[in-house]
Structures are given as structure tokens and as C-alpha cells.
Amino acid sequence: MQLRSTGRRQLLRGALALPFTSWFARKSHAAGPLPPPTPTPPGWPDESAWQGLAGEVKEFIRMRSPLAACVQAGDCGTLFAAMKNPYFTGDDPALTQTLGWVGAWTSQASPYAVAAHDARDVAAAVNFAREHKVRLVVKGGGHSYQGTSNAADSLLIWTRRMHAVALHEAFVPQGCAVAPTRAVSVGAGAMWSQAYDAVSTRGGGYVQGGGCLTVGVAGLVQSGGFGSFSKAFGLAAASLLEAEVVTADGQIRIANACTHPDLFWALKGGGGGSFGVLTRLTLKVHDLPETFGAVNFTVKARSAEAFRRLIALTLDHYAKRLMNPHWGEQLRFRSGDVLQVSMVFQGLTRSEAVAIWQPFFDALDAAGDDYDMDFAPLKIVATSARDFWSPTLFKRLFGFIRRDERPGAPATNVFWPGNVGEAGQVIHGYQSTWLPADLLTAARRETLIDALFAVTRYWRVALHVNKGLAGAAPEVIAAARDTAIHPAALDAFALAISGAQEEPAYPGVPGHAPDAALAREHAEAIARAAAELRRPLPVVASYLAESDYFEADWRQAFWGPNHERLAQVKARYDPEGLFTVHHGIGSREA
């Protein structure tokens with residue numbers, strides 16, 4: 001199982017309503033100067049310089065981290081409970097959705113932030129950082145597993161205020177002579193829940209975005225952008241038509257296929273925080289299918305040999321009936337000889353989906369007592385695609401969707417229960433690997449079965465079949481080929497992920513500090529599991545957004561043959577290396 005927990009935890013509604021926004025002051029000099037980091041980094045600007053930046057932007061924040069405050073108080077329980085609502089965390093610039101990675105990084109707030117309302121605010125912050133040689137950090141959704149959206153000795157550009165969403169019935173990128181198309185312009189601080197509400201629920205179209213609704217639009221696109229229905233609609237990066245971006249020289253540029261095409265290409269999968277600060281994205285709007293649906297059930301094998309046969313049956317069923325644009329999400333092979341199916345479908349009725357799965361259920365029945373299956377009454381459901389992200393009473397009663405329960409929270413603040421485990425998590429270990437489709441052929445199927453079985457002797461693995469374009473339409477694959485993502489993704493039938501995490505924890509909190517010993521144990525088990533899966537692969541590649549912090553050959557793993565071209569774009573638009581992130585193009589490595 002990967003980091004997205006499927007447990008249904010009860011949120012502490014009272015805690016979620018607490019006014020934690022009092023931890024920071026907005027556009028107010030009355031709060032007084034914030035002491036600089038200790039020890040002060042060489043060349044750190046003095047107070048008058050920060051006052052000057054505050055006068056240039058619409059909203060300047062002197063940050064006071066709620067984490068630092070609760071550590072000082074010796075009790076972070078209330079804050080940790082509140083962080084299980086990902087919208088609470090996203091609304092505080094001093095917090096990140098992941099609180100750290102044991103042995104790698106810990107979430108720390110910048111002392112100062114520019115809450116950008118437009119590209120001019122971003123340009124002012126970029127110019128300040130360049131002139132004063134201050135590290136820049138950019139945060140929209142704050143979901144980075146690599147910790148790239150926070151740093152203690154930095155100036156934060158917080159894009160959350162730029163969340164406007166506008167539909168266009170006939171959009172033409174600036175400077176291009178092409179046919180107009182339906183599109184949506186989204187501020188860089190918007191989350192996918194906001195985009196889906198505008199485009200699908202209210203607009204009747206579809207924009208390719210993330211499965212997790214609280215992920216930021218800009219961050220997902222820059223990492224490539226896989227969503228639940230990628231085999232049908234391609235990468236979010238491939239749907240990018242135009243971007244407004246502030247580059248290292250402080251210039252506000254429009255990048256598309258006709259204007260700054262090299263920068264435009266790099267923004268489509270080259271990684272966030274490396275080439276500039278996105279302020280607005282315009283994405284293609286696709287036709288919305290009639291229906292979306294889901295399939296959820298669990299099978300436990302009563303012996304190891306029966307589990308091996310279950311792996312073989314699952315792969316055979318997937319290769320024959322599911323590796324096509326209709327299907328996405330996950331097949332999880334867990335320790336304890338358990339298969340967990342958590343899949344979604346588009347463009348099929350419930351009856352059609354049931355018919356597709358019936359041969360699999362029949363094979364389990366024919367196996368007699370070898371398997372125990374969770375026959376949940378709603379294991380296969382379908383709904384109007386337009387209502388898929390709506391928090392209807394039915395979906396809330398049955399636990400299919402949750403919403404932000406804070407007083408006055410926008411109706412668009414919804415999230416899947418399966419993502420609650422990520423909120424406030426501390427990562428112990430994480431590995432991802434693209435699995436080429438030829439592993440499903442008759443000649444190599446047994447190799448894959450052996451590898452997956454071996455993995456489960458050490459840990460668990462989730463096959464994200466929507467992350468991997470094998471089985472997609474030719475035009476989807478062609479569009480993805482014009483992005484910076486590793487070409488291995490185009491030939492992969494799935495991204496295999498193994499990970500481990502613990503509930504909210506933070507150094508210095510009595511009884512709630514990260515468990516370093518357990519983290520080492522988990523990381524070692526995950527590494528052994530990943531080695532089993534990678535052994536038969538000629539090329540080992542990973543997905544940038546969901547990858548190992550300690551990936552040694554990260555340039556090859558994330559971009560492969562595209563890295564050299566990305567490095568050339570970096571040298572052109574950021575020759576002094578102003579933008580630097582862990583495992584980013586041209587970044588200085590610690």
C-alpha cells in the first residue's frame with residue numbers, strides 16, 4: 001500500500017473550527033519585526049530591506065509557525081487533530097501537508113512570506129530574493145514529499161491567494177495561429193477541488209488533474225500530472241496550453257507553444273520551483289463522459305500459494321479487460337496475502353462495469369475455499385460524472401467523500417477519505433518504479449508474478465494503473481511525448497509504489513516525536529521490496545512527484561534522456577541558479 005491510507009478516520013470537528021489563522025499576521029507592520037533566523041545566514045537582509053519588500057506587495061506576512069508554538073507549549077495534540085483536515089493546513093502558509101521525512105527533512109516555516117495576489121507580487125519577491133541572495137521557496141498546495149515547499153532560512157512565495165478559475169469557450173494561446181478550443185485558466189494557488197467544481201460540476205466539461213483533490217494545480221502540472229483517468233485524458237502537463245510565469249530576472253512572461261516554447265516545454269513535467277514561479281495556467285477542457293464510477297473490494301488468500309495464483313489472476317484480468325482508457329487507480333498487493341482493489345472507471349454504466357468484473361468474481365468462486373472476499377454491498381458504484389465531486393448526502397453518509405467542516409468553509413472544500421492518511425503525515429520510506437507493459441506479455445508474466453509475490457514478503461505495493469500510459473489512445477501518448485516527463489511513463493502499464501508513514505509527529509513534542517527506529521525498519525523493508533521489483537527491469541525510472549528523497553541517480557530516474565534539454569532551458573532562464581529545490585534541474589545538491 002502506498003501512502004494514501006484507505007482508513008476512514010473520524011475528524012475532530014471541534015478542533016477543526018479553531019482559529020489557527022491567528023498564528024500569523026497579514027500585511028501588518030504592527031506585529032513588529034520578526035527576529036531573523038539564528039544563526040543569521042550570511043548576507044541576510046536587515047529589517048529595513050524587509051520593510052521595503054512589504055511596501056511593494058499587497059500582502060506581506062511575518063510568519064509565526066503553529067508548530068513552533070505547540071512545541072514550546074509541549075502539546076501539539078489540538079494542532080495535529082486540526083491538520084487531519086487538509087484545507088486547514090493549506091490555509092496556513094506556515095504549514096505543509098507532510099510534516100517531514102525521517103532522516104531527510106522536517107517542515108519549517110520561512111520567517112517571511114509574500115502572499116501573492118498577482119504576478120506583480122511574485123515579481124517583487126523574485127527581484128528581492130535575487131538582489132539580496134535570499135533562498136526562495138514557493139508553495140501552493142504544499143504537498144511536496146521532497147520538502148521543496150518549505151525552508152527555514154528563506155522567503156516564501158505563497159500562491160494560495162491566486163485561485164481564480166475562469167472558463168473559455170474559444171481560447172487561442174497568445175501569438176499562436178491555431179483553432180480555438182475550450183479551456184480553463186486557473187490561478188497557480190488553486191487546488192483541483194476548485195478546478196473540478198468550476199469545470200465539471202458547474203461547467204459540464206473535464207480538466208485533467210490530480211486524484212487527490214487538495215493537491216495544487218501548478219505543482220501537479222509541473223511534475224507531469226497523473227490523475228485518476230490519465231489513460232483517457234493524458235497528462236495534466238499535456239493539457240497545458242499556456243502559462244504565465246515569473247522568471248529569475250523578474251520578468252512576467254507568457255509561455256506557450258509559440259512564445260518561449262522551450263520554457264513552455266520545461267514547465268510540462270520538468271519539476272516545480274526550477275524554471276520560474278507559475279502564476280496562471282490555462283488548460284484544455286475535454287468533453288465530460290456521462291458516468292464515472294468506482295470498484296472497491298478486498299480478497300484475502302488462505303495460503304501463500306493461493307495468493308500467488310491470485311496475483312496471476314489479477315494481472316491476467318487487468319491485461320485482458322482493464323488496460324484501456326476506461327480504467328484507472330490502484331491494485332494493491334499487501335502483506336498477509338491480501339489483494340485490495342480500489343479502481344475507478346469512466347464512460348461505462350454500472351452494468352457494463354459489473355460485466356467486466358464478473359469473470360474475475362467467477363474465478364474466485366471456482367477456487368472454493370482458497371479466498372475470503374469482502375462482499376460490500378456497494379463494491380461497484382456509478383454516478384453522473386458531473387456529480388462525481390459533489391458532496392451529496394448519499395456520498396457523505398456512505399463515507400465516499402468528506403468536506404471541510406469549519407464554519408464558513410467554501411462548498412468546494414471536499415476531499416476523499418482515502419487521502420486523510422496523508423494529512424500531517426511523517427514519511428518513513430517511499431519508492432516508486434515505472435513497470436513496462438511488456439511485463440504483462442506471456443513471455444514475461446511469470447517474472448512479474450514472482451517479483452510482486454517477493455515484494456509482499458517484505459512489504460506492500462500498489463500498482464497505480466492510471467499512472468502509466470500503456471493502453472491509452474495513440475493521441476494521448478503522442479501528447480505526453482511532447483512533455484518533459486521520463487519516456488518510461490509512456491510505455492508503462494503502472495507506477496508501482498511502496499511507502500510507509502506515521503500519523504502527525506514533530507521533533508520536540510513529548511510522546512509525538514517521529515519514530516526514528518521504526519522509520520529505519522520500514523525504510524529498509526521498502527528498499528528490499530523495491531529491489532525485488534526492479535531486478536528484472538532494464539531501465540529503472542520513477543515519477544518525480546512520488547519518489548524516494550534519497551534517489552541516487554535522480555536525473556536518470558526522473559527525466560532520463562530529457563534531462564540534458566531541461567538543463568539547457570534552466571541555463572537560459574535561470575543562469576545564476578536562483579530557483580533551487582531538492583533533486584531539481586540545475587539545483588545545488590547538499
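Me: Where does His583 sit?

Reply: You'll find His583 in the segment after α19 (563-573). Bear in mind as we go that this is a predicted model.

Me: Is His583 buried or exposed, and how do you know?

Reply: Its relative accessibility is 4%. Buried means under 20%, so His583 counts as buried.

Me: What stands out about the phi of His583?

Reply: Phi is positive there, about 55°, although His583 is not a glycine. Lys133 is another case, with a positive phi near 55° in a residue other than glycine.

Me: Where is Lys133, and is it buried or exposed?

Reply: Look in the loop between α6 (119-132) and β6 (136-139) for Lys133. Its relative accessible area is 74%, and the cut-off for exposed is over 50%, so Lys133 is exposed.

Me: What makes Glu503 and Lys84 a salt bridge?

Reply: Check the distance, N to O: it comes to 3.2 Å between the two side chains. The rule asks for a Lys or Arg side-chain nitrogen within 4 Å of an Asp or Glu carboxyl oxygen, so this pair passes. Glu503 is in the loop between β24 (492-502) and α17 (516-534), while Lys84 is in the loop between α4 (77-82) and α5 (86-90), and the pair is 419 residues apart.

Me: Why is Glu503 put in its accessibility class, and why is Lys84 put in its own?

Reply: Glu503 has a relative accessible area of 34%, which falls between the 20% and 50% cut-offs, so it is called partly exposed. Lys84 is at 8%, under the 20% limit, so that one is buried.

Me: Which strands does the pair of Arg182 and Glu169 link?

Reply: Their side chains meet in a salt bridge at 3.3 Å, N to O. Arg182 belongs to strand β9 (residues 181-187) and Glu169 to strand β8 (residues 165-171), 13 residues apart. Arg182 is partly exposed at 23%, and Glu169 counts as exposed at 58%.

Me: And what about Arg280 and Glu244?

Reply: That's a salt bridge too, at 3.2 Å, with Arg280 in strand β13 (residues 277-284) and Glu244 in strand β11 (residues 240-246). Arg280, at 31%, is partly exposed, whereas Glu244, at 14%, is buried.

Me: How many salt bridges does the rule give?

Reply: The count comes to 26. Some share partners: Lys58, Asp118, Arg120 and Asp121 are joined into one network that way.

Me: Why are α11 and α14 described the way they are?

Reply: Helix α11 (residues 304-322) packs against helix α14 (residues 445-458) at an angle of about 130°, with 10 Å between the axes. Perpendicular covers 65 to 115 degrees and antiparallel needs over 145, so these two are oblique to each other. The crossing is right-handed.

Me: Which residues make the contact?

Reply: From α11 they include Phe307, Ile311 and Leu315, and from α14 they include Leu448, Leu452 and Phe453. By class, the contact has ten nonpolar, one polar and five charged residues.

Me: What makes helix α7 count as enclosed?

Reply: Nine of the ten residues of α7 (residues 192-201) are buried, so the helix is largely enclosed by the rest of the structure. Among the buried ones are Trp192, Tyr196 and Val199.

Technical notes: Residues are numbered from 1 along each chain as its sequence is written. This is a predicted model: local features need pLDDT of at least 70, side-chain atom pairs count only at pLDDT 80 or more; totals for chains, interfaces and linings use all residues. Side-chain values use heavy atoms; hydrogens and water are left out. Helices (H or I, at least four residues) and strands (E, at least two) are DSSP runs, numbered from the N terminus. Buried means under 20% relative accessible area, exposed over 50%, partly exposed in between (1.4 Å probe, protein chains only). Axes are lines fitted to C-alpha atoms, for helices over the stretch in contact, and angles run from 0 to 180 degrees between N-to-C directions. Angles under 35 degrees count as roughly parallel, over 145 as roughly antiparallel, 65 to 115 as roughly perpendicular and the rest as oblique. A crossing is left-handed if the near helix is turned anticlockwise from the far one by less than a right angle, and right-handed if clockwise. Contact means heavy atoms within 4.5 Å. Ala, Val, Leu, Ile, Met, Phe, Trp, Tyr, Cys and Pro count as nonpolar, Asp, Glu, Lys and Arg as charged, and the others, Gly among them, as polar.
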